[in-house]
Each structure stands twice: as structure tokens, then as C-alpha cells.
Amino acid sequence: MPSSRRGSGTVTLPTGQLLAVHTRTQDEEDLPHATKKTMADHLRKYESLFTLTPQRMRMIVEAFKETLELGLEKPEQVVPMIPTYVFGWPTGKETGDFLAVDLGGTNLRVCLVTLQGEGKFEMTQTKYRLTEEQKQEDGQKLFDFCAECLKTFVTTNLEDGTLKEGDTLPLGFTFSYPCFQEKIDHGQLIRWTKGFGAPNTEGRDVAAMFRESLRKHNVPVELTALINDTTGTLIASSYVNPRTKIAVIFGTGCNAAYMEQVKDIPKIKQLGIDPDAEMAINCEWGAFDSFEHEHLPRTKYDIIIDEQSNKPGEQAFEKLISGRYLGEILRLVICELIDDGVLFLGQETYKIEIAYALDTAFLSLMESDPTEELLMIIGIFTHFFALETTLAERQFFRALAKLVGRRAARLSACGIAAIVSKMNYLEEGCAVGADGSLYNKYPGFADRVHEGLQDVFGDKGRNIVTYHAEDGSGVGSAIIAAMTKVRKDAGLYLNV
Ligand code: GLC
């Protein structure tokens with residue numbers, strides 16, 4: 001006799017849609033279901049696959065730290081440790097109007113930011129959803145789209161008097177993909193990440209490509225800085241919370257930035273910058289352990305995701321952590337159990353067998369389901385996949401979601417710990433500005449990162465505290481544009 005699937009209620013989906021959930025008790029006899037014991041046995045297996053011990057974490061941190069140092073020492077390393085030409089921290093006194101375009105993993109955002117000084121600002125913004133096709137079509141077309149959106153935004157703000165006719169506003173372009181920078185308003189795309197694949201872009205200067213689109217569409221702006229979202233987050237967070245030393249993004253992608261001493265970036269020695277100056281580094285740590293796969297505990301599900309991605313071998317760390325992949329990891333485990341005849345016998349499973357059908361947002365809903373009957377999970381499975389579940393199965397899915405989410409948070413802690421350890425921030429402690437859908441919306445993600453930091457460092461791990469960061473791609477990019485203007489007006493390092 002299968003365990004009860006009875007229950008009814010409503011569930012709010014991430015889309016805002018309200019879903020009524022009813023389970024029909026008469027179905028219970030119809031379908032064969034795995035017993036509670038079988039599910040518990042399987043869970044034990046996955047527990048050992050997805051659990052990271054403190055000892056293993058410390059080994060990862062050591063390897064990570066060495067990789068970061070290597071990236072600073074030599075050019076063209078797997079983790080590229082990109083010098084950003086953002087010199088030091090903001091003073092908090094930066095003021096003025098700035099435009100920002102943010103081409104992230106999921107959306108395109110256009111903002112007008114007014115910095116008012118004393119850590120204060122105002123912002124107006126418009127968001128556009130990027131389609132999967134746009135991510136794959138010609139790169140210049142993608143930048144044309146960004147220019148068109150910016151043009152509409154500028155025109156609207158001119159019409160309502162927010163902007164003045166004849167102004168040429170400085171523009172910060174947040175382009176959150178790894179770019180090798182020779183100076184602050186230049187960036188050669190090393191490789192697309194986060195599922196983007198637009199041809200004719202890798203290896204080219206994306207700032208120049210965007211300038212070309214801006215010229216074509218006659219947009220009255222001047223691109224003054226090309227910025228990574230992590231660098232923007234670092235600067236924006238420090239603008240409002242000066243204890244911030246590190247910024248991390250846990251969203252569609254995963255990456256970090258921090259402030260380094262120029263003397264500790266041997267690969268830019270030839271530029272003749274004051275060795276005591278400071279410069280923000282965009283780590284691009286999502287690439288940690290790419291190609292060689294020596295350090296990270298990859299399961300066979302991670303390997304499948306990697307091999308079926310548009311960039312096999314690349315972004316190895318990111319593929320275990322970021323929101324783009326977590327739902328897919330869980331889905332692959334479920335599919336394995338379907339193939340093994342454990343789950344959903346006698347039911348049509350084709351809907352859940354579609355790659356990426358299980359969004360990471362579902363994972364967090366599954367974990368946070370407050371009802372005893374796990375109504376949220378019933379809702380997800382019946383509505384999206386037309387599948388009936390028993391309570392034992394739902395409990396299993398929730399536990400599995402926890403394992404996958406917890407592993408991601410603990411690996412994230414390893415990355416943070418590597419920077420903390422490299423920069424000797426542990427004793428004094430520091431704040432870590434964090435942003436991204438995973439960090440902001442996944443219940444318990446931050447707590448698990450903190451728990452992970454304590455597993456690596458012991459009690460002192462409590463000195464490292466993450467908090468929800470300021471909007472790096474909008475506000476951060478404006479502050480960087482302002483800082484750059486001040487620097488250039490002062491005649492400092494005009495060549496970068
Ligand atoms: C990817 C990008 C990186 C970005 C991160 C978070 O890892 O390569 O540039 O910072 O996603 O958006």
C-alpha cells in the first residue's frame with residue numbers, strides 16, 4: 001500500500017501564478033510507487049555523493065588559493081584574475097549622473113544613476129528579458145539590441161525632462177563575462193559563459209563592438225568603463241559599507257572580485273603603476289578546476305551537464321554552484337531513478353525528461369515547502385510534469401534538493417575562504433557583499449555559506465560575514481565611471 005498522496009491547497013509559483021493543488025485518493029491504488037524504505041536507501045547513496053566534509057573543503061581551499069596566485073603571476077591562466085583598472089575604493093563623495101547598461105546572464109538592464117555623495121544615490125531603470133535566440137545570434141546584433149534599448153531609455157528620459165538635450169552622458173557598461181582588459185574602457189571577450197554563444201564575439205573587443213552599435217543608433221553617450229558585475233558589486237558595496245573587502249555573485253553564474261595590491265600582481269609589472277596602489281581584480285573563479293578536473297568532487301551528473309553544455313570542460317566550479325545548473329543536477333538524478341524503474345512506474349515521464357525542465361527556482365521552493373504534505377512539491381510535479389507523487393517521494397525530492405543546494409553553498413564558501421586566506425582577512429574579519437538570484441532567493445543559502453566558512457576556519461570563520469550587496473551593475477558601474485573620470489581628470493595612468 002503506497003503512502004498517502006492526499007492533500008489540497010494552493011501554491012504560488014515563482015511566476016506569481018496561483019496553482020490549486022488536489023490529489024485524488026482513488027489513484028493511489030492505480031500506480032506502483034517506490035516504498036519509503038527504497039527512497040531512504042537511495043537517499044543515503046546521494047548523501048555520500050553530494051556531501052563535502054570539512055577536510056575536503058580545506059583541500060579545495062588550498063588548491064584554490066594556489067590557482068588565484070598563479071593567475072596574478074602569469075597571463076592566460078585558467079582562472080584569469082583580471083586586472084580591472086579600477087584603482088582603490090570609492091571615497092563616498094562621488095557625484096553626478098551616469099548611465100549604465102547591464103548585460104547579465106538573464107536580463108538586459110538600462111539605468112540612470114544619480115550619485116548624490118555620502119553613499120547616497122537615486123536610480124531609474126528599465127529591464128528587458130533576453131531570449132535564448134538572442135544569446136546565440138550574431139554578437140553585433142546583440143549589441144545593436146542593447147544600443148536600441150538604451151536609445152529608447154534616453155529618449156524617454158529626455159522627453160520627461162530627467163535628461164537635458166545636448167548632454168553626452170558617461171556610460172558604464174557592465175558586461176559580465178570574462179574579458180581581458182588592457183585598459184578600463186576595453187575588454188577582449190575570452191569566452192562566453194552562462195550558456196551564451198553569440199558568434200563573432202569571442203576574441204574581440206566588446207567595448208569597441210558596443211561603441212559601433214551606439215554610433216550606428218546615434219545614442220548620445222560615451223562609454224567610459226567596461227565593468228564586470230562582481231567589480232561593480234565590490235565598489236557599490238564599499239560605497240555604502242566600507243568594511244566590504246570581497247564581492248561575490250551567486251546567480252546564473254558565479255564569480256568574485258576583491259581589491260589587490262599592485263605589487264602582488266606580477267603580470268602587470270611592465271605598466272609602471274605605483275606598486276602600493278590598489279586595483280580591483282575580477283577573479284573569474286567560475287573557471288576554477290576547468291579542463292583538468294583535479295580538485296572538485298564532480299559526480300556523474302555534473303559530468304553529464306558539462307559534456308552536454310555548449311562549453312564542455314569550461315567553468316567547472318560554476319557548473320557545480322550556479323543557478324543555471326542546480327535544477328538540472330536534481331533533474332538528472334530523478335531521471336536516473338526513472339530509468340532504473342524506481343520512480344514513476346506506469347506514468348508518462350517525457351516532460352521531466354526534457355533537459356533543463358526543472359528550474360533552480362523549483363529547487364528552492366521544494367526545500368522551503370512549509371506544509372506537512374509538501375503541497376508545493378505536489379504542485380510542481382502535477383502542474384509542470386503531469387506526475388503523481390507519494391509523500392515518501394516528495395520527502396526524498398526535498399532532501400535531494402537540500403543536498404544539491406548545500407553542496408553549492410559549501411563550495412562557494414571554499415572560494416571565499418581562498419581569498420580570505422590569501423589576503424589574510426581572517427583575524428581582522430571582513431564583510432562580503434553578495435548578490436545574485438541564488439544568494440537572494442534560495443532559502444538558507446547564506447547560512448550554509450557561513451556554516452561552510454566555519455568548517456574551513458573553525459570559530460574564526462564567524463569573522464567573515466556575507467550580506468546582501470548593493471546593486472553593482474547599476475550603482476557600482478556609475479561609481480566606477482565617476483572614479484575613472486576623477487582619475488583621468490587628475491592625469492593619473494591615462495594609458496589605462
Ligand atoms: C560568469 C561570468 C562572470 C560573472 C558571473 C556572475 O561566471 O563569466 O563574468 O561575473 O558569471 O554573473
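User: How many aromatic pairs does the count come to?

Analyst: Rings of Phe, Tyr and Trp (for Trp, its six-membered ring) pair if their centres lie within 6.5 Å, and planes under 30 degrees apart count as stacked, over 60 as edge-to-face and the rest as tilted. This is a predicted model, in which local features need pLDDT of at least 70 and side-chain atom pairs count only at pLDDT 80 or more, while totals for chains, interfaces and linings use all residues. Residues are numbered from 1 along each chain as its sequence is written, and side-chain values use heavy atoms, with hydrogens and water left out. By the ring rule, the count comes to 29 aromatic pairs.

User: Is the pair of Phe 143 and Phe 173 stacked or edge-to-face?

Analyst: The centres of the Phe 143 and Phe 173 rings are 6.2 Å apart. Their planes stand at 80 degrees, so the pair is edge-to-face.

User: How many residues apart in sequence are the parts that Phe 143 and Phe 173 tie together?

Analyst: Helices (H or I, at least four residues) and strands (E, at least two) are DSSP runs, numbered from the N terminus. Phe 143 belongs to helix α4 (residues 139-159) and Phe 173 to strand β7 (residues 169-175), so their pair ties together parts whose separation in sequence is 30 residues.

User: Are Trp 192 and Phe 196 buried or exposed?

Analyst: Trp 192 and Phe 196 form a stacked aromatic pair, 5.2 Å centre to centre with 25 degrees between the planes. On the scale used here, buried means under 20% relative accessible area, exposed over 50% and partly exposed in between (1.4 Å probe, protein chains only). By that scale, both Trp 192 and Phe 196 are buried.

User: Which ring does the charged end of Lys 194 sit over?

Analyst: A charge sits over a ring if NZ of Lys or CZ of Arg is within 6 Å of the ring centre and within 35 degrees of the ring normal. Arg 324 lies over the face of Tyr 356, at 5.7 Å from the ring centre. For Lys 194, the charged end is 4.5 Å from the centre of the ring it sits over, that of Tyr 177.

User: How far from an oxygen atom of the ligand does a polar side-chain atom of Glu 284 lie?

Analyst: Of the 15 residues around the ligand (those with a heavy atom within 4 Å of it), Thr 193, Asn 228, Asp 229, Glu 284 and Glu 318 come nearest. A polar backbone atom of Cys 254 is 3.4 Å from an oxygen atom of the ligand. For the polar side-chain atom of Glu 284, the distance to a ligand oxygen atom is 2.5 Å.

User: What share of the ligand's accessible area does the protein cover?

Analyst: Accessible areas come from the Shrake-Rupley method with a 1.4 Å probe. On its own the ligand has 310 Å² of accessible area, of which the protein covers 98%.

User: Is His 293 buried or partly exposed?

Analyst: His 293 lies in the loop between β13 (278-282) and α7 (300-308). Its phi is near 50 degrees, a positive value in a residue other than glycine. At 24% relative accessibility, His 293 counts as partly exposed.

Technical notes:
A polar contact is a pair of N or O atoms within 3.5 Å; within protein, one must be able to donate a hydrogen and the other to accept it, and residues adjacent in sequence count only if both atoms are side-chain atoms.
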